[in-house]
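Here is a short report on one protein model. Please keep the sequence and the 3D view open while reading.

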Amino acid sequence: MGRLNGWRYDFKRYADCRLSDLANGRVVADAIRIEEVDPSIQVIDNGDPGFALAGSGVWNNFTNGGFQNDINWTEPGQGDTASWTFTVAPGDYQVSATWFNHPTLATDAPFEVFDGATSKGVFNLNQQAAPSQFSEAGANWDDLTASVNISSGTLTVQLSDLANGRVAADAIRIAAASPDTGR
Ligand SMILES: [Ca+2]
Ligand SMILES: [Ca+2]
C-alpha cells in the first residue's frame, strides 16, 4: 500500500502510469510493462555484506568479468573457502550461482548448502562451462538446488577449493522455491 498526493494506491491490484504532452516536443505513447518482483529474492555478490573468504591460501581478485565485474578465485587444494550467508524466513528455497567460466576452473567446484550449522548437501558445479539455466539481473545462473528446506533462519552456501581446478566465487541468488515454474 502506498500514498501519493493524498491518494491511496494498493499496488497489488492497481498500477497507473500517465504520459503528458507538456514537453518540448511530440511525445509517443507505446507499451508499458510491469513486473512483480519476488520479495524473497536475495543476491549476495563477492565483496558484499554476508560474503566471506577464509583459509591459508591466496584468494585473488579478478575485475574483468563475472557478476558486477568481479570474482574471487583461488588455486585448488588448500582447503580455502568462500561463504555467502543469508538471513531468511523459514521455508523452501531455490539456491543458484553465477560465475565467470574459464578452462582453468574446476569441473567439480563443491558448493555446500547449510541450514544454520546443518549441511543440506554438496552440489558440484562445472565452472569451465557458463551457467545457463536462467537469466536475471544481467547474469546467467545455474541452480545448486531447486528446493532446500531452511528452518533455522540462516541459509549459508560455502564453496571449497578441494576441487580438480581453480574455483571462482561470484554471486549466489536465493528465492522462495516455486513448484509451479519448476525452478
Ligand atoms: Ca561478482
Ligand atoms: Ca586455494
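## Contacts and overall make-up

Of the contacts in the protein with a separation of 6 or more, 71% join residues 24 or more positions apart. This is a predicted model.

The protein has 15 strands and zero helices. It has 183 residues, and 28% of them count as buried.

## Strand β8 and its two partners

Strand β8 covers residues 91–98. It is mostly covered, with six of its eight residues buried.

Which strands pair with β8? One is β12, residues 139–150. The pairing of β8 with β12 is antiparallel and runs over six bridges. Within it, Ser 96 stands opposite Asp 143 of β12. Another is β15, residues 171–176. β8 and β15 also pair in the antiparallel sense, over six bridges. Here Thr 98 has Ala 171 of β15 as its bridge partner.

## An open sheet of three strands

β5, β6 and β14 form an open sheet. The order is β5-β6-β14, and the pairing is antiparallel. Why is one side of β5 and of β14 left without a neighbour in the sheet? Both strands stand at the edges, each with a single partner strand, so one side of each has no neighbour there. From one strand to the next, the twist averages 35 degrees.

β5 spans residues 60–62 and β6 spans 71–74. β14 spans 167–169. Three bridges link β6 and β14 in the antiparallel sense. In one of these strands, β14, Ala 169 is the bridge partner of Asn 72.

## The loop between β5 and β6

Two residues of this loop deserve a look at their backbone angles. Gln 68 is found in the loop between β5 and β6. Most residues other than glycine have a negative phi. Gln 68 is not a glycine, yet its phi is positive, about 55 degrees. Asn 69 is not a glycine either, and its phi is also positive, about 55 degrees.

Are these side-by-side entries buried or exposed? Gln 68 counts as partly exposed, because it has 16 C-beta neighbours inside 10 Å. The cut-off for buried is 20 or more, and for exposed 12 or fewer. Asn 69 has 11 C-beta neighbours inside 10 Å, so Asn 69 counts as exposed.

Conventions:
Residues numbered from 1 in each chain as written. Chains lettered and ligands numbered in written order. Predicted model: local features only at pLDDT ≥ 70, side-chain atom pairs only at ≥ 80, totals over all residues. Helix = DSSP H or I, 4+ residues; strand = E, 2+ residues; numbered from the N terminus. Contact = placed C-beta atoms within 7 Å. Pairing = 2+ DSSP bridges. Axes fitted to C-alpha atoms, helices over the stretch in contact; angles between N-to-C directions.
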